[in-house]
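Dear colleague,

Please find below the structure for your attention. My notes on it follow directly after.

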Amino acid sequence: MTKTVNVAIVGGGLMGREIAAALQRWPALIDHPVHPQLTAVCDINPAVLDWFDQIPTVTRTVADYADLLADEAIDVLYIAVRHDLHHQLYVDTIRAGKSLLAEKPFGIDGSAAEAIVAAVAANPQSFVRCSSEMPFFPGAQVALNYVRSGALGRIIEARCAFLHASDLDVDKAINWKRQARYCGEAGVMNDLGLHVWHVPLRLGWAPDRIFGVLQDIVTERPALDGGRERCDTWDNAVLHGWVSRDGYSFPLTTEMKRIEPGEKNTWEFEALGMGGGVRFSTKNPKRVQVFSLVDVPGGGREQVWSSLDAGSQSVWPTVTGPNFESGFSDAILQMLAAFLAEREDALGERFGCATPNEAAATHEIYRAAIRSHETGQVVRLGG
Ligand SMILES: NC(=O)c1ccc[n+]([C@@H]2O[C@H](COP(=O)([O-])OP(=O)(O)OC[C@H]3O[C@@H](n4cnc5c(N)ncnc54)[C@H](O)[C@@H]3O)[C@@H](O)[C@H]2O)c1
């Protein structure tokens with residue numbers, strides 16, 4: 001019989017509702033080892049909790065997350081709150097022995113991340129991973145598996161990007177994500193950084209040098225009281241890195257932008273090598289482009305970029321027809337499937353959610369990028 005896992009959500013805002021909705025689509029997964037049941041939700045705003053009334057399994061709504069930590073029936077917490085709250089809530093959850101799917105950036109800064117990693121090490125009964133769903137797009141998985149196959153040969157360069165443009169609207173009101181005291185000194189890197197670093201870090205592409213190009217383009221925004229408030233977070237960040245492996249180095253560029261005209265949640269990955277290449281962008285979510293050298297009938301070799309449609313299947317099989325399209329909500333479902341399967345030690349070789357060490361490593365990269373931007377120098381990491 002499938003094991004039931006009781007899940008609680010802390011923070012019922014944008015992401016809390018997304019995760020709640022994804023859990024309702026669980027029957028789409030084939031032969032998953034667990035059946036998660038959303039039983040409780042915590043939010044300090046009672047109006048937010050009303051939305052969860054429509055989910056029949058939710059029998060408990062609370063304003064204080066400590067009530068959920070004391071509830072022996074709850075196995076797993078998904079926590080989606082402001083970045084300045086991550087440290088306390090994550091550490092308390094881990095110490096209570098609950099499993100945790102944390103939202104990025106896994107603490108507001110490096111010292112918060114270190115404290116959370118230390119709590120994980122001291123409480124092995126708590127299974128902890130950090131949210132990063134974009135690599136679960138089927139096309140992203142095709143690209144990742146292409147790189148893992150070794151088809152690139154010697155790597156020339158790689159790039160990963162996450163691009164938005166809603167902040168192009170200078171009349172958009174200020175919110176906590178645009179204020180350093182809540183979002184963190186790393187600004188857009190805290191918001192979008194784990195999305196772009198999850199795959200490179202999983203591939204073993206930790207950079208040893210970083211040059212950071214950071215921009216604070218919109219410096220104030222309308223406040224709720226009708227006045228203006230300082231908007232003091234980095235809007236755009238481009239990090240030029242060098243990755244050293246197999247006796248050579250290659251450039252790895254990551255782009256995290258809130259202001260990239262024309263883009264809405266676009267995640268891109270590209271890797272080029274002497275033997276092949278691969279490109280994927282959620283802008284064309286079915287299409288994966290692959291580069292190869294092709295023998296041409298009649299003689300000679302040509303350089304060819306070809307395209308394939310990725311279909312619907314990602315990490316965990318679903319009832320969805322293999323030729324159907326996939327989207328953001330499907331990627332969220334796949335991330336949850338990977339998290340709960342790995343918690344049962346049933347993920348095998350399949351791609352998993354970002355680990356505590358991977359999530360914490362991103363803060364070292366952001367810190368190096370800020371220092372590089374301030375000094376105009378390349379900053380070395382590690383060792
Ligand atoms: N994975 C993704 O694609 C993605 C997308 C957006 C945001 N996020 C991350 O999710 C987290 C939350 O972002 P969001 O957009 O959902 O924010 P949000 O502002 O929409 O929601 C946050 C919710 O937390 C509640 N809250 C505040 N303090 C609380 C407390 N002490 N206890 C319980 N609830 C509390 C608020 O009332 C609010 O309803 C952040 O870490 C953010 O970076 C991830």
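Which residues of H4 are buried? They are His83, His86, His87, Leu89, Tyr90, Val91, Thr93 and Ile94, where buried denotes 20 or more other C-beta atoms within 10 Å of a residue's own, exposed 12 or fewer, and partly exposed anything in between, with C-beta atoms placed from the backbone. Helices (H or I, at least four residues) and strands (E, at least two) are DSSP runs, numbered from the N terminus.

Two remarks on provenance are in order. Residues are numbered from 1 along each chain as its sequence is written. The model is predicted, and local features need pLDDT of at least 70, side-chain atom pairs count only at pLDDT 80 or more, and totals for chains, interfaces and linings use all residues.

H4 covers residues 83–95. Its end C-alpha atoms are 19 Å apart, which agrees with the 18 Å that its 13 residues should span at 1.5 Å a residue; the expected span is 1.5 Å times one less than the number of residues. Glycine 97, which follows H4, has a positive phi near 85°.

H4 packs with helix H5 (residues 110–122) at an angle of about 5°, their axes lying 9 Å apart. Axes here are lines fitted to C-alpha atoms, for helices over the stretch in contact, and angles run from 0 to 180 degrees between N-to-C directions. The two helices are therefore roughly parallel to each other (angles under 35 degrees; over 145 is roughly antiparallel, 65 to 115 roughly perpendicular and the rest oblique). H4 contributes His86, His87, Tyr90, Val91, Ile94 and Arg95 to the contact, and H5 contributes Ala112, Ala115, Ile116, Ala119 and Val120; contact requires C-beta atoms, placed from the backbone, within 7 Å. By class, this contact has eight nonpolar, two polar and one charged residues. Ala, Val, Leu, Ile, Met, Phe, Trp, Tyr, Cys and Pro count as nonpolar, Asp, Glu, Lys and Arg as charged, and the others, Gly among them, as polar.

In the loop between strand S5 (99–102) and H5 lies proline 105. A cis peptide bond, with omega of about 15°, joins lysine 104 to proline 105.

Helices H8 and H10

Helix H8 (residues 188–202) packs with helix H10 (residues 356–375) at about 115°, with axes 9 Å apart. From H8, the contact involves Met189, Gly193, Leu194, Trp197, His198, Leu201 and Arg202; from H10, Glu358, Ala359, Ala361, Thr362, Ile365, Tyr366 and Ala369. These residues divide into nine nonpolar, three polar and two charged.

Strand S12 and the aspartates

Threonine 254, in strand S12, is buried, with 26 other C-beta atoms within 10 Å. Among the residues it touches, not counting those up to four places away in sequence, are Val196 and Trp197. Threonine 254 and valine 238 are 16 residues apart in sequence and 5.8 Å apart in space, C-alpha to C-alpha.

Aspartate 246 sits in the loop between strand S11 (236–245) and strand S12 (248–257). Although not a glycine, aspartate 246 has a positive phi of about 50°, and it is exposed, with 8 other C-beta atoms within 10 Å.

Aspartate 345 lies in the loop between helix H9 (328–343) and H10. Its phi is positive, near 60°, and aspartate 345 counts as exposed, with 9 C-beta neighbours inside 10 Å. H9 itself is mostly covered, 13 of its 16 residues being buried.

With kind regards

Technical notes. Contact = placed C-beta atoms within 7 Å.
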